[in-house]
Amino acid sequence: MADPTFYIKQNDTRPELDIFLRDDKDRTINITGATVKFSMRNASTNVVKISLASVTTVNSTAGRVKYPFTASDTDTAGNFDAEFQVTFVGGQIETFPNDGYIKVIVTDDVA
């Protein structure tokens, strides 16, 4: 999973970031029983905007998760780096994508 880009307008809470977690060989990851968290930081300042927020698992065997943005998540326009942290049943932790970041672009509102 190499650097996908997600676009959302400032102050919007839809669409949700809906993604399949894949390893560096583009294989799906089975996250059955795992805990998944979402984090996002400003790409320019490295200021963390979202830290280990809960996500919804859509399909655990296919590694499909989604993050529903809140108004405070998107209140600042800018370019952000995001990732999902998975804690598997045995306690092992892996972050996706593990070869970069999900690029989140929050575009400013006209008014």
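The protein chain has an accessible surface of about 6,000 Å², and carbon and sulfur atoms account for 47% of that surface. Keep in mind as you look that this is a predicted model. Of the 111 residues in the protein chain, 34% are buried.

Now for the overall build. The protein chain has nine strands and zero helices, so its pattern along the sequence reads β-β-β-β-β-β-β-β-β. Its radius of gyration is 14 Å, close to the 13 Å that the globule rule gives for 111 residues, so the protein chain is as compact as a globular protein of that length. Along the principal axes, the C-alpha atoms fill a box of roughly 45 × 25 × 20 Å. What share of the contacts with a separation of 6 or more comes from residues 24 or more positions apart? In the protein chain, that share is 64%.

Some aromatic rings show such links in detail. A pair of aromatic rings is described by two things, the distance of the centres and the angle of the planes. The structure holds five aromatic pairs. One of them joins Phe38 and Tyr67, which are stacked with 4.4 Å from centre to centre and 25 degrees between the planes. Phe38 sits in strand E3 (residues 35-42) and Tyr67 in strand E6 (residues 64-67), so this pair links distant parts of the chain, 29 residues apart. Both of these residues, Phe38 and Tyr67, are buried.

Phe38 has another partner in Phe84: this aromatic pair is tilted, with 5.0 Å from centre to centre and 50 degrees between the planes. Because Phe38 lies in strand E3 and Phe84 in strand E7 (residues 78-87), the pair ties together parts that are 46 residues apart in sequence. Phe38 counts as buried because its relative accessibility is 0%, and Phe84 counts as buried because its relative accessibility is 0%. Stepping back, you can find a cluster in which ring pairs link Phe6, Phe38, Tyr67, Phe69 and Phe84.

Finally, let us visit a loop. Asp23 is placed in the loop between strand E2 (17-20) and E3. Is Asp23 buried or exposed? Its relative accessible area is 8%, so Asp23 is buried, since buried means under 20%. What does its side chain reach? The side chain of Asp23 reaches the backbone nitrogen of Lys25 at 2.9 Å, and it also makes a polar contact with the side chain of Arg27 at 2.7 Å.

Conventions. Residues numbered from 1 in each chain as written. Predicted model: local features only at pLDDT ≥ 70, side-chain atom pairs only at ≥ 80, totals over all residues. Heavy atoms only, no water. Phe/Tyr/Trp six-rings, centres within 6.5 Å; stacked < 30°, edge-to-face > 60°. Helix = DSSP H or I, 4+ residues; strand = E, 2+ residues; numbered from the N terminus. Buried < 20%, exposed > 50% of the residue type's maximum accessible area, 1.4 Å probe, protein only. Polar contact = N/O pair within 3.5 Å; in protein donor to acceptor, adjacent residues only side chain to side chain. Rg over C-alpha atoms; globule rule 2.2 N^0.38 Å. Contact = heavy atoms within 4.5 Å. Areas by Shrake-Rupley, 256 points an atom, 1.4 Å probe, with all protein chains shown as cover.
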